Structures are given as C-alpha cells and as structure tokens.
Amino acid sequence: MMVMQVEKLYIEGNNMDIREISRMMNTQRRELLLSAPWHNYYPYSPEVAVAVAHSCSCLLLKYYVREKEIRAVNNVINGSVWEDSCVEFFISLHDGAPYYNFEFNCIGTALVGYGFSNRGRTLLHEGDIRKINTLATIRKQGGSDFEWELTAAIPAAVFIHQPGWTFEGMTCKGNFYKCGDSHKQPHFLTWSAIESAQPNFHQPDFFGDINFQ
C-alpha cells in the first residue's frame, strides 16, 4: 500500500497567485507515477511526477510530465479530457466513502465527478469546477519530447458533499494517474498499483493513504 505525506503550506488569506503557488510547489517532494498495470498492451510510459500540499482550506497539486506527444482537443469543462494528455487525482475523504475524480488535460481543462465507481457518477456543476485555479505550461524539448506542468489549487468548497471540510490532520484515500486514451501511443500510469485485466482507474480498493499534516 502506497503512503503519501502531505505538507501544510501557509498561504496568507488562502488567496495567493497561482504562479506563486506553482513556484512554491517546486520545493515539495515529488512522487513518481511508476506503475503501468497494463504495460503488456500499452508499453509506452511517459515520465510523470506529482507534488502535493495543502493550506487547510485548499488542496494544491503540481504535475510534471515529459512525453512524446501532446494532445489538447477538449476545452469544455467536463469534456472528454482523458482522451488528451491528461493527469488525474482521485480522492475519498473517508475510507469506503464515495470519491471525487479530478481530471485535467495539459491546457487545464477540468472534469470533476463524484460517486462510488465508474458507473453512475455525478459530475459537479461548472460553477463549482470554475473555483479551481489552474496554471498550465508546455515546452518543446530537444528531439521529439514535450515537457508540461499542471498546477491546480482546489478549494475545499469544491468538495460540495462535505461542507466545511478542512484537510488539516486528515488521512484520506486516493490515487494519481496519467493517461492519454486517444494518443498514438495510449498509456495508463498510476501512483498506487492497480490489479485489473483492463484499464480502469475507478478502483478505490487500490487507493493509497494520503496523510495531511
């Protein structure tokens, strides 16, 4: 079982500019997404890491990705971002409870849902999702590789089913992912390993522990 320790950052008024948050996240420990559960069918694996922090009332994520191909077709909230160059974070605030799925493509378009499995999920309203502040950067490197970063500041208010939620001192369940379903080289990477015959990130039984300072 994977375990992650999440540091508390002190952000004055919880209203810091997303560019400054992105710079602060560069000082946080980075967790690698090394598990490729379906490698036999999808052998390509980009390089992916994620840094996580919180400010009691805001969850802070920064993904670092290096891959051969960039796809950014979906630009509408709750669109099919998993088909693009996509990073994802699933979190259950209590063991056995429904979980949120936060999915972002490389230009920051978001999809957010809530439920117990991949069936019958409820998508959050656009107004709630727009409370998430994102910053996306893409750079073309030598050769054929791209490097891109995605910073996301997710206020506790986005967790609409838990009014008054605070992350401080909590232990949650979750997982982190990278995918690109419609890439020329589809891929599916995870932080906490999944045992499944077919690609499916919606498997809370394989969530790791996320301990918030």
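This is a predicted model: local features need pLDDT of at least 70, side-chain atom pairs count only at pLDDT 80 or more; totals for chains, interfaces and linings use all residues.
User: Where does D145 sit, and is it buried or exposed?

Analyst: D145 is found in the loop between β9 (133–140) and β10 (146–155), strands being DSSP runs of E with at least two residues, numbered from the N terminus. D145 is buried, with a relative accessible area of 19%, where buried means under 20%, exposed over 50% and partly exposed in between, for a 1.4 Å probe and protein chains only.

User: Which residues is D145 in contact with?

Analyst: Leaving aside neighbours within four places in sequence, D145 is in contact (heavy atoms within 4.5 Å) with R66, E67, K68, R139 and K140.

User: Switching to α1, which of its residues are buried?

Analyst: In helix α1 (residues 18–25), a DSSP run of H or I with at least four residues, the buried residues are I18, I21, S22 and M25. Seen down the axis of α1, they fall within an arc of 100°, so they line one face of the helix; the arc is that of the directions from the helix axis to the C-beta atoms.

User: Why would residues three or four places apart point the same way?

Analyst: An α-helix has 3.6 residues a turn, so residues at that spacing point the same way.

User: And what covers the buried residues of α1?

Analyst: The cover includes β3 (47–54), β4 (58–67), β9 and β10.

User: What about the numbering and the cut-offs on confidence?

Analyst: Residues are numbered from 1 along each chain as its sequence is written, and side-chain values use heavy atoms, with hydrogens and water left out. Local features need pLDDT of at least 70, side-chain atom pairs count only at pLDDT 80 or more, and totals for chains, interfaces and linings use all residues.
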